[in-house]
Amino acid sequence: MKSIQRRLSLGLAGALLLVGLALAQASLWLFDHSLRSYLESGLRDEAEALLIAIVRGPQGVQLDERRLTSAYQRPFSGLYFRIDFAEQSWRSRSLWDRQLPQVPSAGLQAELGDGPHGQRLLVWRGDYQRYGQRFTIVVAQDYTPILQSFRRIEWIGLGLGGGALLLILLAQRYTVRSALRPLEQVRQQLVQLQNGQRSELDASVPVELAPLVTQVNHLLAHTEDTLRRSRNALGNLGHALKTPLAVLLSLSSRAELREQPELQSGLREQLTQIEQRLARELGRARLAGDVLPGAHFDCAQELPGLLSTLQMIHPQGLELDWQAPPGLRLPWDREDMLELLGNLLDNACKWAQARVALRVASDAGGYTLDIEDDGPGIAEALRRDVLERGVRLDEQVSGHGLGLGIVRDIVEAWGGSIALHDSALGGLRVAIHLPARGLSKLGG
């Protein structure tokens with residue numbers, strides 16, 4: 001689709017070109033018409049001068065050449081005449097052996113006639129009575145120099161018109177860019193909104209954009225309120241169901257059921273699956289809220305506290321470090337990101353011997369999170385299984401499979417990918433790639 005600026009430029013250029021050509025042709029036509037009218041009076045005067053040069057002589061009517069303009073004596077001078085009367089015809093010596101074109105009617109001829117040496121002649125005819133005889137005088141003037149001047153004027157006009165058109169288009173381009181600059185500012189604000197750097201659009205916009213910005217801000221506020229109420233409702237539902245589940249789990253441990261171990265084991269297993277499935281589905285539903293305006297995760301602000309908390313939970317002398325570009329903000333909800341990184345780092349701390357490292361990076365395609373440890377790692381054949389919720393390679397280390405399952409749900413909800421690799425530290429490396437958020441692509 002063509003841009004607005006290109007459409008305006010093409011429309012303006014086309015309109016100016018048509019108007020310019022029409023004005024140029026009209027101006028040349030008017031100038032040509034005025035010049036022919038002016039030259040017509042000169043040709044009429046020449047014809048009358050020729051009429052005066054016709055005198056009576058000893059041999060009858062004759063032309064007194066002493067009264068003729070010298071241009072009539074020079075061959076192909078550009079000024080010619082022919083006088084017809086009775087059965088005789090006189091013509092100027094400037095014609096040499098050429099003839100003037102036939103003229104059907106009196107006055108200035110509309111069409112230019114052909115002259116000697118490719119000349120184009122402006123021809124005028126007059127009919128007179130003198131000495132009792134009828135004279136037809138045809139006078140012609142070379143119009144070729146004027147036509148050549150017209151062509152030069154046309155080329156000069158085209159050059160000046162092209163330059164003026166270019167200047168007008170440049171001015172129009174600057175004007176359109178200035179007029180569309182508020183739209184660019186709104187686009188940048190949308191990118192900032194999606195990246196969590198603002199919670200609403202700036203209302204200080206031109207009058208034409210004010211209704212759009214107001215409606216977008218209203219939609220953002222409505223969406224945020226709806227998602228907040230949805231999260232609260234999901235949280236309330238989770239708390240409401242946890243109590244009955246806890247009661248059922250407690251009842252499954254009563255002495256009456258100990259006499260039926262198979263029934264007790266089956267009941268506890270089903271209740272545990274219900275609890276895990278409920279937690280999983282509530283987590284998936286809550287992740288739908290990642291589009292909250294203003295949601296973001298500030299690495300420099302949040303990671304030190306998270307690692308400090310993990311250091312207290314795992315006090316066995318682990319070294320935890322992190323790296324991220326200065327000022328990096330991840331455009332996702334803070335609570336969801338803390339849950340994702342918390343599960344990954346907690347799993348790494350449980351298996352690590354002395355060191356856990358977190359690396360966060362960004363590129364044009366999105367964001368990369370790498371969590372490494374120096375533990376025993378996971379065999380390549382078992383890496384696919386460990387990402388399934390509830391699958392644990394070591395029952396003595398609680399929560400390993402469940403934590404990675406939660407991480408997988410979060411990553412899939414955000415359209416990302418997760419993979420397990422060997423770490424340079426000797427243990428496991430969990431590599432996560434999260435794509436750039438939808439509106440962030442507007443900045444590309």
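Me: What makes β14 and strand β15 (residues 428-435) count as paired in this predicted model?
Reply: β14 and β15 pair in the antiparallel sense over 6 bridges, and since pairing requires at least two bridges between two strands, the two are therefore counted as paired. Within this pairing, L420 stands opposite V430 in β15.

Me: Why are β10 and β14 called edge strands?
Reply: The open sheet holds 5 strands in the order β10-β12-β13-β15-β14, with mixed pairing. In that order β10 (319-323) and β14 (417-422) each pair on one side only, which is what the name edge strand refers to. From one strand to the next, the twist averages 15°.

Me: How do you know that helix α6 packs on the sheet, and which strands does the helix touch?
Reply: Helix α6 (residues 299-313) touches β10 and β12 (355-363), where a contact means heavy atoms within 4.5 Å.

Me: What does helix α7 touch, and what angle does its direction make with that of β13?
Reply: Helix α7 (residues 334-351) also packs on the sheet, touching β10, β12, β13 (366-373) and β15, and its direction makes about 25° with that of β13.

Note on methods
Residues numbered from 1 in each chain as written. Predicted model: local features only at pLDDT ≥ 70, side-chain atom pairs only at ≥ 80, totals over all residues. Heavy atoms only, no water. Helix = DSSP H or I, 4+ residues; strand = E, 2+ residues; numbered from the N terminus. Axes fitted to C-alpha atoms, helices over the stretch in contact; angles between N-to-C directions.
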